[in-house]
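Here are a few friendly notes to read alongside the model. They start with the aromatic residues and then turn to the chain as a whole.

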Amino acid sequence: MSSSNKKPLLVGLTGGIGSGKTIVSLQFEQLGVPCFFADRVAGAYYNDREFCEQLRPIFGDAIFDADANPDKRKIAEIVFADEAKLKQLNSIIHPRVMADFDMWINQHMDYPYLIQEN
């Protein structure tokens, strides 16, 4: 198999809040290993109007400020208390993040390793 046909090894980096995932990922980046930060990608969707409008039927108007921006803290309070709401939120955001991840992989096919921080 030629090196141009070789796919990178995909490594998932997981752990609890405060476990050091980001520190480890940044160390790998310093070594030249591309890292996909799923939380950062997901967080960026809260600036996307289409995404935000999908939140309205689930969470109502109370999660939005006067400028129609969603309040992530209010959303977090709701989803940590209501598993059904968490599942609804995940059903909206996870497919988007995974699509971004797939595109990111395709842009980094020349690397031997790729890391996804979850």
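1. A definition to begin with: rings of Phe, Tyr and Trp, the last by its six-membered ring, pair if their centres lie within 6.5 Å. In this predicted model, Phe36, Phe101 and Trp104 form one aromatic cluster.

2. The structure holds five aromatic pairs. Take Phe36 and Trp104: the ring centres are 5.5 Å apart and the planes meet at 55°, so this pair is tilted. Because Phe36 belongs to strand β2 (residues 35-37) and Trp104 to helix α5 (residues 83-107), the pair ties together parts 68 residues apart in sequence.

3. Are these two residues buried or exposed? Phe36 has 5% relative accessibility and so counts as buried. Trp104, with a relative accessible area of 12%, is buried too.

4. Stepping back to the fold, the protein chain has five helices and three strands. Their order along the sequence is β-α-β-α-α-α-α-β.

5. On overall dimensions, the radius of gyration of the protein chain is 17 Å, whereas a compact globule of 118 residues would have one near 13 Å. Along the principal axes, the C-alpha atoms fill a box of roughly 55 × 30 × 25 Å.

6. Of the 118 residues in the protein chain, 32% are buried. Among contacts with a separation of 6 or more, 62% come from residues 24 or more positions apart.

7. Finally, the surface: the protein chain exposes about 7900 Å², and carbon and sulfur atoms supply 54% of that area. There are 12 positive and 16 negative side chains, and the centres of the two sets lie 3 Å apart.

Definitions and conventions. Residues numbered from 1 in each chain as written. Predicted model: local features only at pLDDT ≥ 70, side-chain atom pairs only at ≥ 80, totals over all residues. Heavy atoms only, no water. Helix = DSSP H or I, 4+ residues; strand = E, 2+ residues; numbered from the N terminus. Rg over C-alpha atoms; globule rule 2.2 N^0.38 Å. Buried < 20%, exposed > 50% of the residue type's maximum accessible area, 1.4 Å probe, protein only. Contact = heavy atoms within 4.5 Å. Areas by Shrake-Rupley, 256 points an atom, 1.4 Å probe, with all protein chains shown as cover. Lys, Arg positive; Asp, Glu negative; His and termini not counted. Charge placed at Lys NZ, Arg CZ, Asp CG, Glu CD. Phe/Tyr/Trp six-rings, centres within 6.5 Å; stacked < 30°, edge-to-face > 60°.
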